[in-house]
Amino acid sequence: MIWYPYEQMKTMKAPYEIISAEGPYLHTQDTKLLDSISSWWSVIYGYHQPQITEAICRQAAKFSHVMLGGLTHEAVEELSEKLASWLPGDLDYCFFSDSGSVAVEVALKMALQYYVNCGENHRKTVLALNHAYHGDTFKTMAVGDDEDYHFVLQVYGDNPYVVHIPTDIASLEAAFDRYHDELNCFIVEPLLQGAGGMRMYDIAFLKRARELCDAYGVLLIFDEVATGFGRTGHRFVADAVLPDILVLGKGLTGGHIGHAVTIANQKVFAAFYDDAPEKALMHGPTFMGNALACAAAKAAIDLFDRLDVPSKVAHIEEITRRELSGFTDPRIREIRIMGGCACIEVYDAETLSGYQQFAYEHGVFARPFLKYLYSMVPYILTDDELVHIFSVMKEWFRRG
Ligand code: PMP
């Protein structure tokens, strides 16, 4: 039996069975659904994307996987070179993982060991944001601040090595003032906190964070697993404010195969590069640098440039604003829009109960969570398809 994610297995409603998927559509036996959330925000160029699928098949004809311990291959070399030249600044050192959570774990371990390697063992604390979500593995849960997902962790009591702050500059400055001696890193989802409730904040906060990290020698980590590859309107937020470590996942392969990467800058890499074996990064997921995933990622990055994703996302944002701006309902607390993401936050989660089935009946796949009804659309939607997604949302409120 399949144990489904985030579900009470006893009471969960049966999932929709997908028999094929093409472009922005999921096909069931009886109907087709416009995917408004890109399979957990990953399938950004649509399903069964021809160039990505072809790259995977071409690689599979050679081999699908070899380990990176003691071996290497062309697909991973090409991808790491492409990422190094494509990403901003000196973010050049790519450590691959099989999922976003693991890639964040790697980033946190890198930050801790960076200081251990530099002889500063007292820098044990991680600074993170209120409502942070960075994955479901243990350290990512500890760094997160999300009781709805990770309440099981409460049995341990307070985590002494994590400090959470809101996204205002006064709180940021106060935290650096108080904790700078013990911090090894400040980790954020830049501009848009996805699973934490589609919360949006200003880039001035990140610019000030960069200054404070520089002033106090604290590493800045951007978890762009969700925000990367155009979602916020930036190609990466890292293009506007440069972190020391960048984490990418989800859209990396166009959502065609699970893979992720932690990319360090020269300063971080240099602290590990040494004759001493104990300064090495002791991590190595079995499927890191998987050849099919690397081939998919390389094709997906080519596609990103060819499609000019930032201008596509700008267009999506424009239509989203046109369709949702001014829409009100007494049950709605706030509507937030950024790039290819829109969120209707309601006061009471009950307001959204039944929405998924309603959307299904109107040809849309949606998955609201808690008090958040949101879209994270594939970038390849037509204007009409996009308008349809928002019409269904508005209709739900109109019907009361
Ligand atoms: N970081 C962020 C910001 C995420 O949104 C997610 C997943 N939603 C993760 C990390 C974890 O990625 P994965 O599910 O691939 O482990």
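Thr382 counts as partly exposed, at 41% relative accessibility. The model in which this value was computed is a predicted one. Thr382 is placed in the loop that runs between strand S16 (372–376) and helix H13 (383–398). Between the C-alpha atoms of Thr382 and Gln356, which are 26 residues apart along the chain, the separation is 22 Å.

**Helices H7 and H8**

Helix H7 (residues 169–179) packs with helix H8 (residues 203–216) at an angle of about 15°, and the two axes lie 10 Å apart. H7 is therefore roughly parallel to H8, as angles under 35 degrees fall in that class. The crossing in which H7 passes H8 is right-handed.

A salt bridge joins the side chains of Arg208 and Glu173, with an N to O distance of 2.6 Å. This pair links distant parts of the chain, since Arg208 belongs to helix H8 and Glu173 to helix H7, 35 residues apart. Arg208 is partly exposed, with a relative accessible area of 25%. Glu173 likewise counts as partly exposed, at 32% relative accessibility.

**Salt bridges**

Side chains of opposite charge can pair when their charged atoms come close. The count for this model comes to 18 salt bridges.

| Pair | N to O distance |
|---|---|
| Arg208 and Glu173 | 2.6 Å |
| Lys298 and Asp302 | 3.7 Å |
| Glu323 and Arg322 | 3.1 Å |

Where do Lys298 and Asp302 lie? Both are found in helix H10 (residues 291–307), four residues apart, which is about one turn of the helix. The side chains of Lys298 and Asp302 meet in a salt bridge at 3.7 Å, N to O. Lys298 is partly exposed, with a relative accessible area of 22%, and Asp302 counts as partly exposed at 29% relative accessibility.

Is Glu323 buried or exposed? Glu323 has a relative accessible area of 14% and is therefore buried, the limit for that class being under 20%. Its salt-bridge partner is Arg322, and the closest N and O atoms of the two are 3.1 Å apart. Arg322 is exposed, with a relative accessible area of 54%.

Glu334 is partly exposed, because its relative accessible area is 37%. The C-alpha atom of Glu334 is separated by 38 Å from that of Leu112, and the two residues are 222 residues apart along the chain.

**A nonpolar surface patch**

Which residues make the nonpolar surface patch of about 410 Å²? The patch is made by Phe138, Val155 and Tyr156. Phe138 is found in helix H5, which covers residues 138–143. With a relative accessible area of 52%, Phe138 is exposed, since that class holds values over 50%.

Methods:
Residues numbered from 1 in each chain as written. Predicted model: local features only at pLDDT ≥ 70, side-chain atom pairs only at ≥ 80, totals over all residues. Heavy atoms only, no water. Patch = residues over 30% accessible without salt bridge, like charges linked within 9 Å, V, L, I, M, F, W, Y side chains within 5 Å. Areas by Shrake-Rupley, 256 points an atom, 1.4 Å probe, with all protein chains shown as cover. Salt bridge = Lys/Arg side-chain N within 4 Å of Asp/Glu carboxyl O. Helix = DSSP H or I, 4+ residues; strand = E, 2+ residues; numbered from the N terminus. Buried < 20%, exposed > 50% of the residue type's maximum accessible area, 1.4 Å probe, protein only. Axes fitted to C-alpha atoms, helices over the stretch in contact; angles between N-to-C directions. Parallel < 35°, antiparallel > 145°, perpendicular 65-115°, else oblique. Left-handed = near helix turned anticlockwise from the far one by under 90°.
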